[in-house]
Amino acid sequence: MLKILGKASSINVRKVLWTCAELNLPFDREDWGNGFRPTSDPHFLARNPNAMVPVIQDGDFVLWESNTIIRYLAGQYDGRHLYPAEPKARARVDQWMDWQATDLNRSWSYAFMALARQSPAHQDAAAIEASCKEWARFMGILDQRLAGTRAYVAGDTFTLADVPVGLSVNRWFQTPFSKPALPSVAAYYDRLAERDGYRQYGRNGTA
Ligand SMILES: N[C@@H](CCC(=O)N[C@@H](CS)C(=O)NCC(=O)O)C(=O)O
């Protein structure tokens, strides 16, 4: 059976858990990461030298990097509906996945650590404000996109891109600070909540 290494509170682990739910794929999960078994453990480092979760083990195949893992799972386990083969459709999914992993993820990192995790090392007021502003700017880009599709981030149907983006939207709403109204993002948050996997692993009260 597929093994997932990583704590279920991690946004990157949750990408894998939600994708497994979409694919009806059974798995065993082990708690690793901050608060659980440390990723500095040599057994873990042998699987991922970056000391980060998630890692999967599928037979003797070991893989890390959350977005890469969910692409692999869709490819290996009948997920064509989530990750289309046609190059332009696939590139549109990749575009939003890569945007989430780079620009959007970078924008929130300080504000999230300060406001959601209450990290003592992240309490510089100017840095919090700058991060919130940049986060809101990227969420505004997402709002415009969703106002256009009126459905999902890559278009009319739910795809793999909605997994990282949907988890990011949950983080946006679950992190306490004063936010601009983003009506298309709010509608998308409710649309995603129609899915069992999102209710279980995404919109479940954890930022
Ligand atoms: N680019 C990596 C980032 C993974 C990452 O940042 N994981 C965090 C948890 S969300 C982590 O492992 N932190 C160290 C720890 O929990 O020990 C991915 O997308 O898989």
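Leaving aside neighbours within four places in sequence, Thr175 is in contact (heavy atoms within 4.5 Å) with Phe112, Leu115, Ala116, Trp135 and Ala207. Thr175 lies in the loop between helix 6 (162-174) and helix 7 (183-192). Helices (H or I, at least four residues) and strands (E, at least two) are DSSP runs, numbered from the N terminus. Thr175 counts as buried because its relative accessibility is 1%, and buried means under 20% relative accessible area, exposed over 50%, partly exposed in between, with a 1.4 Å probe and protein chains only.

This is a predicted model: local features need pLDDT of at least 70, side-chain atom pairs count only at pLDDT 80 or more, and totals for chains, interfaces and linings use all residues. Residues are numbered from 1 along each chain as its sequence is written, and side-chain values use heavy atoms, with hydrogens and water left out.

Four strands form an open sheet in the order 2-1-3-4, with mixed pairing; two strands pair if DSSP finds at least two bridges between them. Strand 2 and strand 4 (61-64) are the edge strands, each pairing on one side only. Strand 1 (residues 2-5) and strand 3 (residues 55-58) run antiparallel, joined by three bridges. Leu5 has Val55 as its bridge partner in strand 3.

Last, Asp31. Asp31 is in the loop between strand 2 (27-30) and helix 2 (42-45). Which residues does Asp31 contact, leaving aside its neighbours within four places in sequence? They are Gly6, Lys7, Ala8, Phe36 and Arg37. With a relative accessible area of 27%, Asp31 is partly exposed.
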